[in-house]
Amino acid sequence: MANTKSSCLPLYEKVFHKNTYHRALDVIILFLLLRLLFYRLSTLKNHGFAWFLAFLCETCFTFLWVLVVSCRWTPLTYKTFPQRLQERVQELPPVDMFVTTADVELEPPIMTVNTVLSLLAVDYPAHKLACYISDDACSPLIFYSLVEASKFAKLWVPFCKKYNVQVRAPFRYFLGESAKPPSTSSREFQQDWKMMKEEYEQLNRNIEQAAKKSFLFDMTGEMAVFSDTERRDHPAIVKVIWENKEDLSNGLPHLIYISREKRPKHPHHYKAGAMNVLTRVSGLMTNAPFMLNVDCDMYANNPEIVLQAMCLLLGSKEGDCAFVQSPQYFYDSPADSLAILHESLGKGIVGIQGPFYAGTGTFHRRKVIYGLWPDEIENQGKCINSVNGQVGGELLQKSGNSKEFIKSAVDALEGKNTGFSSNLSDSLKAANQVAGCGYEYGSSWGKKVGWLYGSATEDILTGLMIHAKGWKTSYCSPDPHAFLGCGPSDLPAAMRQQKRWAMGLLEILLSEHSPILATLTGKLQFRQCLGYLWLLIWGLRSIPELCYVALPAYCIITNTSFLPKVQEPGICIAVAIFVIYKLYTLSEYIHGGFPIYSWFVNNSMLRIVATSAWLFGFGSTVLKLLGLSETVFEITKKVHQSSDGGKDGKELLFDESPFFVPGTTILLVHLAALATGLLGMQPQGGQGPGLGEYFCSVYVVLCFSPFLLGLFRKGKNGIPLSTICKSAALALLFLRSCKMSSMN
């Protein structure tokens, strides 16, 4: 009776959050913004250029706030019950796990190894798991590291499951509280723990020694395939490192290494191309109905995450959930900004059509990646022509010319893929074929099938097209966090990452895949479209952000104003917006348990990123549209953390990259403006700046205080002289323009 009752219970519940307080504040701020726009419009004839520019910028900010309010309106989360899976599901479905790495220098092999080990050790039947590693660097060091990791995994996985270890990435497990075994633990555990730590340290040493002599590998045996390869010119390499031939549920999952073929004259489409090769090779070898993809730095922090995701994928109708997304968190960076973002906007978007695809920590339905629409679920497989065993034209055109792969795709679409192949080696020849650089020619890969090409942010583009077909998506945010990753190593790396995102997102907005077109011609819900717009306009936001930041300095230098005077009623609107918004965002940090300092730092960083990295992303997109440049996929440098430091954030470092020129210029301009105002050097006439302009200028200096400190520091903590000279020249040009403007 108890089992019958349990089998009727749902695998998950939707939790709708009351947000009356937030809704009220959102509406109040929106009303005040509209009131400010009306006030500016009604008094426009009495003011000059600065007033009009402020009106344009505030119109953009009001539109942005409309998008934010829409995203926040209906917050939703899911509560899963993995303990009910055994009663509801007779046999758990197979899952293919993908790990992608692309640069052995920027992404240390030991980091990839830890991610793989954490996935191999998750709480899920081992004979239902297969782990595929895509090495876009074609590095023998990565292959060697994985072979060594597979040996260590034979000890690590049983150890984790025997003692129910919660953190299953060794480099994190042997830090902090786990640096020593608990004194209250059994003697057997202490002995096993000591042995595991010694084995992991040996693994680490082996990989480090191999890295030092990377050009001296013995290119024989399994390593012979790397003897005549270059990073951008090599054949496809598919190697089965470990195979669970006995089909043991408590054994070690399959482990497969893949380095797709690359040739200088063939486009490889960066990560999207790698993901499509992983999809095809795994389709031939294991063909699991569900696929998990993670970046090489994103280890599984919650050992039950696969079970948690299966609750959402199996507990809902097949046509209701295309993928399950877990939020991103980092183990080496403060979690405040990400936590606030997930709490305020992330949960709201979940309540519309589902979360965006974030590119990592995602469980996909294979048939969705193959291009299936929700309304085709009931007729799946019927559109596939098969005559006398010969696969017909439509799927052949979509999937390439491998009959073996097309057969596996047919099985996936018809739901016949319930178990793994008994011998993975039988598929190696076909796997090498579908991993070839010319396989996709004449097919729909990257266009209608698989991960889509055409943007540096292939994850958002692919997720958008899935939503545009009418699919919904789910959100899995367990406690502890599902996955933890490594953030950018320093500020320059973070800036490059933000620039790539801004560029890729703007490319989507201006392409045929725009969410506006997806709403008008597809099945993308209107509010989901607004959510995508909030994300895709990051690059465009840099223009009003930069103009608004420059306005206080411009007004002080030219003896004009862009804010109402203290005695004018309009000042109350501007002050109310500023105070209410700042207190609103501050309350979010306090409610989340974060210090006030974090609130100020993150607000400042938003201004800095918007006026620098996003600005360069916007400029790069314009140059690409004009045919003057091409997309360059820049890999974010990762630093493997082998000690327990860095929890409070990374040190603020500068270099000679152009990302720091706008921020330094803005700081110098405002310092010059404040000096001009205090010394009374403004031109005669004009309405003159009021207290508001001076307050805003001081506030901008505070927001850009890292640059102020960088002016007086040396080394990597200081702004390079070349950057200061460029910024000074731009600041002088701005001052000269202001002076000429005031003379007209």
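Is E148 buried or exposed? With a relative accessibility of 14%, E148 counts as buried, where buried means under 20% relative accessible area, exposed means over 50%, and partly exposed lies in between (1.4 Å probe, protein chains only).

Before going further, a word on how to read the numbers. This is a predicted model, in which local features need pLDDT of at least 70 and side-chain atom pairs count only at pLDDT 80 or more, while totals for chains, interfaces and linings use all residues. Residues are numbered from 1 along each chain as its sequence is written, and side-chain values use heavy atoms, with hydrogens and water left out.

Let's stay with E148 for a moment. Its side chain meets that of K151 in a salt bridge, at 3.2 Å from N to O; the term stands for a side-chain nitrogen of Lys or Arg within 4 Å of a carboxyl oxygen of Asp or Glu. Side chains of opposite charge can pair when their charged atoms come close. K151 and E148 are three residues apart in helix α6, so about one helical turn separates them. Helices here are DSSP runs of H or I with at least four residues, strands are runs of E with at least two, and both are numbered from the N terminus. K151, at 46% relative accessibility, is partly exposed.

Now turn to R260, which you will find in the loop between β6 (254-259) and α9 (270-285). R260 is buried, its relative accessible area being 5%. Contact means heavy atoms within 4.5 Å, and, leaving aside neighbours within four places in sequence, R260 touches several residues in this sense, among them H234, P235, Y270 and A435. D136 is also in contact with R260, and the two form a salt bridge whose closest N and O atoms are 2.7 Å apart. Because D136 sits in the loop between β4 (129-135) and α6 (140-162), this pair ties together parts that are 124 residues apart in sequence. Both R260 and D136 are buried.

The loop that holds R260 also holds R263. R263 forms a salt bridge with D233, with 2.6 Å between the closest N and O atoms. D233 lies in the loop between α8 (187-212) and β5 (237-242), so the pair links parts 30 residues apart in sequence. D233 is partly exposed at 27% relative accessibility, and R263 is partly exposed at 28%.

Finally, D26, R72 and E588 are linked in a network of salt bridges. The count of salt bridges comes to 24.
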